[in-house]
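Morning, everyone. Please bring up the model on your screens, and I'll walk you through it.

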Amino acid sequence: MRMASMIGVLMLVVSTTVTAAGSERAELLELKNTIVNLVDALVEQGVLPADKAEALKREARAKAAAQAASEGAIEKDAVASPAAVDAPSKVVRVPYVPEFVKDEIRADVRKELRAEVMQDVAVKAKKERWGTPEALPDWVNRLTWSGDFRLRLESTMFDDDNPRPGDPNAPLNFEAINDDQQLLNNPNAFLNYSENYQRVRARLRLGLEAEVLESLKVGMRFSTGNLNEPTSLNETLGSGFGRYQFGVDRMFMRWDLASEHERARLSLIGGRFERPFYSTEMVWDNDLAFDGFSATGRLRLREAPFGASSLRHGATPFGTPPSEHDDGLFLTLSVNPIDLDETLENDGSSNDKWMLGGQLGLDYHLHREFDVRLAYSIYDFVNVTGQLNRDTLVFNPGVTPDNRLDWTAPAYLGTGNTLFPIKFDSTNPFPPPILFGLASDFTLMNLTGEVNLSFLDPIQVQLMADVVKNVGFDSSDIAKRTGFEVDERTLGYYAHVQVGHEDLQKFGDWRVSFGYEHLQRDAVIDAFTNSNFMLGGTNSEGFIIVGHLGLSPRTFLRARYFSADTIDGWNDNLVPGRDDTHLGIDRVQLDLNALF
């Protein structure tokens with residue numbers, strides 16, 4: 001090293017001059033000691049290894065001794081020679097080494113040592129494969145972690161004309177009535193749709209996927225949220241500093257198969273998994289998880305007909321598409337149990353509640369920057385209608401009301417669907433209803449489509465529409481089941497336009513959208529639709545405005561405004577004899593999202 005050489009030269013010179021110039025011995029010894037102390041100081045500071053310092057000292061002494069012996073021989077020759085009488089004496093003078101020179105020596109030594117050490121470490125790391133996948137256990141390389149955290153400020157505002165709790169026409173809280181099986185003297189029997197409120201909410205999700213085989217994966221995800229509420233993973237902060245629930249939101253096994261050249265693909269999944277259908281939140285809330293089994297197949301019709309496109313789909317059915325540049329058909333079939341916990345009726349599994357779903361769709365590129373997606377779906381719900389416990393209609397004091405048909409009540413209720421009482425408190429002389437069930441059957445036909453334009457890349461424009469119709473509604477069947485007539489309200493539609501960056505990868509990336517939704521009372525099951533629009537449920541219409549702003553590759557802001565009003569009176573066809581009640585609800589949300 002250059003600095004080590006400099007130190008060696010200095011030591012050599014000093015050692016030599018000490019032996020050659022006795023008259024200046026004290027000065028040269030001081031200089032020698034200064035150099036030795038400098039070397040020792042570098043060792044103490046970790047700049048110079050101790051063994052290298054000792055080697056430098058030994059080398060300097062050896063060279064000094066050799067040089068002194070050589071100069072001694074020269075002097076003898078000079079004495080023997082007549083010309084040597086007038087020759088000047090050879091005295092080597094070493095000047096004082098200033099402090100800045102010492103600092104420079106230290107800096108050069110440190111720089112050269114650092115480079116040498118880093119090179120040695122790099123060679124050793126490469127040789128021993130530090131940090132490479134091959135150096136880790138096999139099971140570690142087969143795990144993929146994911147997660148996100150969302151912090152939300154939320155304000156919910158009600159129309160001034162909404163009835164207040166206690167008003168005879170205030171909306172009933174059927175979820176609370178069913179849970180308590182109590183209508184009279186129930187403090188939770190009415191919904192608060194009159195007092196504005198603000199909340200701070202948070203959501204945490206942590207997922208893990210393990211590769212068992214190249215084509216077989218097992219996954220799980222944990223999340224916050226009410227364990228009994230299917231459409232929300234939020235926790236409301238401010239619980240007296242208490243802790244929050246963290247439950248299993250996903251657990252599944254997925255098998256992905258592909259033909260040669262991947263022209264045909266098939267994905268099979270079982271357990272609890274994400275929504276397997278291409279859809280909007282009008283039918284299925286984004287946080288809703290599906291239990292059961294699902295299969296999605298895709299057949300490629302054309303491979304990237306216009307080459308690599310800049311278009312990317314934000315919402316895609318599970319397992320499709322393998323390439324967003326290809327044209328193809330996709331088919332999804334799903335069998336999903338809703339409630340298999342009914343054990344009171346000894347008649348096999350005929351009373352189990354199921355959802356059977358099927359979807360056929362098409363991806364097609366009309367141009368390099370212009371593509372369409374279209375899907376037609378059928379969702380059939382089995383055994384979801386309520387059945388009346390007729391024995392509870394008769395006053396029967398001292399006897400617990402008949403509960404053999406309680407299982408026909410929904411496990412969870414939103415708001416809006418037509419309900420009717422299926423159980424009464426027979427211990428009361430005038431038995432009040434204490435349990436409610438769905439009046440209608442539900443078989444949904446759903447048509448969803450979108451057009452994506454990317455002529456202004458990276459700005460994309462998306463036009464999307466969704467229409468749903470409940471063809472399972474039968475007025476005569478409902479009249480037989482409930483004893484009263486119900487008007488048909490079974491249509492829903494939604495449309496939006498979205499403009500901006502599809503991916504929020506850096507600060508300043510943005511995306512905005514405007515949507516309108518009209519969802520009649522019995523168009524879909526109210527427990528599974530968008531949990532924010534009209535606070536979750538049906539019998540609502542209004543608009544949704546959404547804006548996104550990217551902050552970094554993994555963080556972004558989102559602001560949403562929901563404004564909804566009831567279509568029909570809240571209690572129309574719900575409880576005969578009550579007046580209609582119209583409601584208006586606005587909700588504003590500001591979210592900070594972080595992905596990890």
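Nine bridges join β15 to strand β16, residues 510-519, and the two run antiparallel. Strands here are DSSP E runs of at least two residues, helices are H or I runs of at least four, and both are numbered from the N terminus. Two strands count as paired if DSSP finds at least two bridges between them.

A word on the source. This is a predicted model, where local features need pLDDT of at least 70, side-chain atom pairs count only at pLDDT 80 or more, and totals for chains, interfaces and linings use all residues. Residues are numbered from 1 along each chain as its sequence is written, and side-chain values use heavy atoms, with hydrogens and water left out.

Now the other partner of β15. Strand β14, residues 459-470, is joined to β15, residues 491-501, by 11 bridges, again antiparallel. Gln460 faces Gly500 in β15.

Pro458 sits in the loop between β13, residues 443-456, and β14. The peptide bond from Asp457 to Pro458 is cis, with omega near 15 degrees. As a reminder, most peptide bonds are trans, and most residues other than glycine have a negative phi.

Asn185 is not a glycine, yet has a positive phi of about 55 degrees. Asn185 lies in the loop between α6 and β2, residues 197-211. Is Asn185 buried or exposed? Some cut-offs: buried means under 20% relative accessible area, exposed means over 50%, and partly exposed is in between, with a 1.4 Å probe and protein chains only. Asn185 has a relative accessible area of 75%, so it is exposed. His261 is the other case, with a positive phi of about 65 degrees, and not a glycine either. Look for His261 in the loop between β5, residues 246-258, and β6, residues 264-273. His261 is exposed too, because its relative accessibility is 63%.

Next, β8 to β10. Strand β8, residues 327-339, runs antiparallel to β9, residues 353-367, with 11 bridges joining them. Leu329 has Leu362 in β9 as its bridge partner. On to β10, residues 370-382: 13 bridges join β9 to β10, also antiparallel. Gly358 stands opposite Ile378 in β10.

Arg373 and Asp363 meet in one, at 2.5 Å, N to O. Arg373 is in β10 and Asp363 in β9, so the pair ties together parts 10 residues apart in sequence. Arg373 is buried, at 1% relative accessible area. Asp363 is buried as well, at 3%. There is also a network: salt bridges that share partners join Arg152, Glu154, Arg199, Arg558, Arg587 and Asp591.

How many salt bridges does the structure hold? The total is 26. One of them pairs Asp287 with Arg203, the closest N and O atoms being 3.7 Å apart. The two come from distant parts of the chain, 84 residues apart: Asp287 from the loop between β6 and β7, residues 290-302, and Arg203 from strand β2. Both Asp287 and Arg203 are buried.

Then Arg254 and Glu209, with closest N and O atoms 3.6 Å apart in their salt bridge. Arg254 lies in β5 and Glu209 in β2, so this pair ties together parts 45 residues apart in sequence. Arg254 is buried, at 12% relative accessibility. Glu209 is partly exposed, at 24%.

Last stop, the surface. Asp159, Asp160, Asp161 and Asp565 form a negative surface patch. Patch residues have over 30% relative accessible area and no salt bridge; like charges are joined within 9 Å, and nonpolar side chains (Val, Leu, Ile, Met, Phe, Trp, Tyr) within 5 Å. Asp161 is in the loop between β1, residues 143-158, and α6, residues 174-180. Asp161 counts as exposed because its relative accessibility is 66%.

For contrast, go to Val39 in helix α2, residues 25-44. Val39 counts as buried, at 0% relative accessibility. That's the tour.

Definitions and conventions:
Areas by Shrake-Rupley, 256 points an atom, 1.4 Å probe, with all protein chains shown as cover. Salt bridge = Lys/Arg side-chain N within 4 Å of Asp/Glu carboxyl O. Lys, Arg positive; Asp, Glu negative; His and termini not counted. Charge placed at Lys NZ, Arg CZ, Asp CG, Glu CD.
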